Amino acid sequence: MNMDTPHWWQTAVIYQIYPRSFQDSNGDGVGDLRGIIRRLPHLVELGVDALWLSPISPSPMADFGYDVSDYTGVDPLFGDMADFDALVEAAHAANLRVILDFVPNHSSDRHPWFIESRASRDSPRRDWYIWRDPAPDGGPPNNWLSVFGGGAWDFDAATGQYYYHAFLAAQPDLNWRNPQVRAALYEAMRFWLRRGVDGFRIDVIWHLIKDDQFRDNPPNPDFKPGDPPYHALIPLYTADRDEAHEVIAEMRDAIKSFPEALLIGEIYLPVERLVAYYGRDLAGLHLPFNFSLIGAPWRAAALKKMVDEYEAALPKGGWPNWVLGNHDKPRIASRIGRAQARNAAILLLTLRGTPTLYYGEEIGMTQVEIAPEQARDPCARSGSGRDGCRTPMPWDGGPHAGFSDAEPWLPLAPDFKQENVANQRDDATSIYRLYRRLTALRRQSKALSIGAYRPVAATGDVFVFLREFDGERIAVALNLGAEATAVSFRFGGLTGRILVSSMGDRDGEPVDGDIDLRPNEGVVIACAV
Ligand code: NOJ
């Protein structure tokens, strides 16, 4: 890739919106598209460049939109197509790109395609989904498991066959070996691109192709009692099949008349498998999501190793990306603590590659405790509910946190009267103001937006690295511990000045050789070179 003229998505900061929880405009307690339009100024103030919307298409909401019943519509809960067009127009007018979630691996069982497919074995759409005869004992065709627990096969008594679902039974997997299925989904992508969408985040893309011989998955020797039941087997034959790469290259080709369209793929794989999703000659995904920060041990040496290994694994020209959280994972501020969430913000916005923020991270939002009777996520039944990271955005300390005029669909964070966007906007030491300083700095600094990453050290609790471009050098030093520490720069004595510090009270401070870091403090330094 030519860094003289980077693609828009290489220098962009992406912001994930969970539409149900961002802003309600019609008083039903659920967020919607008009609400998002109302809050676009927040995204501009925060300094992001693109918004990714979790699914907005018509859906029975068994998995809150990840069960699509019409790939080219808008669910009435969120608004209509006119609202969608208005959102794209308003976003573009504010210099914000729009990325849609696209869920091609499975549809809803209420999608007309599945209704036709299950109607009879002779249905012209039978082969659009994955149907198999029972095993000789009448049981499921093989041992494949659902990611959400239990078996992955559901028996259809009327036609005497099982269908495969990697997730809920209400989410039957489409048969991506069928060229008609592929053509229909590519056409849906072009439909949205013609409406002005700038790219897609593609759901569970590493699951698209399954073994055509339907071999049993092998047992996982590392499985321990208490682990999620899905981990009992290694998903060797159900995910990350080599043929997926051909399909993804075909998908890229199918949208080539929109050369600036971005394809991000949701992929949870070890780094060496993940990077294969850039494709041969980078003909695959532009950004296979890199989730390594989400689970990384929060220690200097472990983070440095993880960053170095990711950087080393990238194919030539493959552009990196970083993520701290999403609608499926516990919020970062709960995982590592509010104090360290500031260092996470600095890392996210100073590492090399496209950052994706999850709504609420900019105010250090934490997991919200969900009582069993308040749970909405189908996974809550198995104890791995994701509602706690999907709660409404606290905009202010007023009724329902400014999110809605009505009782929200999930409870608000109990501390919303203090921890909200309005309060943090007025507080120069808030994490919100830190995020804003970081996005602004990233915009000004070529070293940060497109420069090289140079590891320096992980000593004790301190992680130090450099970003460099032409004559510009930036150093980042993060104290990942709760004790004050002094950092001495062994790479030739560092002089310069602090551009951003995590508490917002050291900006402009000169640095000459060594620097003292307070507990949990991180700094970004412009180096004199
Ligand atoms: C991944 C999505 O992020 C998650 O929320 C969803 O439940 C599964 N895919 C199934 O679509």
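## Sheets, salt bridges and ligand contacts in a predicted model

Strand β13 (residues 462-469) pairs with strand β14 (residues 472-479) in the antiparallel sense over 8 bridges, where strands are DSSP runs of E with at least two residues and helices are runs of H or I with at least four, numbered from the N terminus, and where two strands pair if DSSP finds at least two bridges between them. This is a predicted model, in which local features need pLDDT of at least 70 and side-chain atom pairs count only at pLDDT 80 or more, while totals for chains, interfaces and linings use all residues. Residues are numbered from 1 along each chain as its sequence is written, and side-chain values use heavy atoms, with hydrogens and water left out.

Within this strand pair, glutamate 468 has arginine 473 in β14 as its bridge partner. Both strands belong to an open sheet of 7 strands in the order β12-β13-β14-β18-β16-β17-β15, with antiparallel pairing. The edges are held by β12 (452-459) and β15 (485-488), each of which has a single partner strand, so one side of each is left without a neighbour in the sheet. From one strand to the next the twist averages 30°, and angles here run from 0 to 180 degrees between N-to-C directions, with axes fitted as lines to C-alpha atoms, for helices over the stretch in contact. Contact in turn means heavy atoms within 4.5 Å. Helix α10 (residues 300-313) lies across β12 and β13 and runs at about 155° to β12, whereas helix α14 (residues 431-444) lies across β16 (494-501) and β18 (522-527) and runs at about 125° to β16.

A further open sheet is formed by 3 strands in the order β4-β6-β5, again with antiparallel pairing. Its edge strands are β4 (131-132) and β5, each pairing on one side only. Between β5 and β6 the antiparallel pairing covers 4 bridges, and tryptophan 153 stands opposite tyrosine 164 in β6.

A search of the whole structure finds 39 salt bridges, each being a side-chain nitrogen of Lys or Arg within 4 Å of a carboxyl oxygen of Asp or Glu. Among them are the following pairs.

| Salt bridge | Closest N to O |
|---|---|
| Arginine 118 and aspartate 156 | 3.0 Å |
| Aspartate 173 and lysine 210 | 2.6 Å |

Arginine 118 forms its salt bridge with aspartate 156. Arginine 118 lies in helix α5 (residues 112-119) and aspartate 156 in strand β5 (residues 153-156), so the pair ties together parts that are 38 residues apart in sequence. Arginine 118 counts as partly exposed at 26% relative accessibility, while aspartate 156, at 6%, counts as buried; buried means under 20% relative accessible area, exposed over 50%, and partly exposed in between (1.4 Å probe, protein chains only). Both aspartate 173 and lysine 210 are buried.

Arginine 386 is buried, with a relative accessible area of 10%.

Around the ligand there are 14 residues, of which Asp63, His106, Asp203, His327 and Asp328 come nearest, a residue being near if one of its heavy atoms lies within 4 Å. For arginine 386, the distance from a side-chain N or O atom to a ligand oxygen is 2.9 Å.

Key: A polar contact is a pair of N or O atoms within 3.5 Å; within protein, one must be able to donate a hydrogen and the other to accept it, and residues adjacent in sequence count only if both atoms are side-chain atoms.
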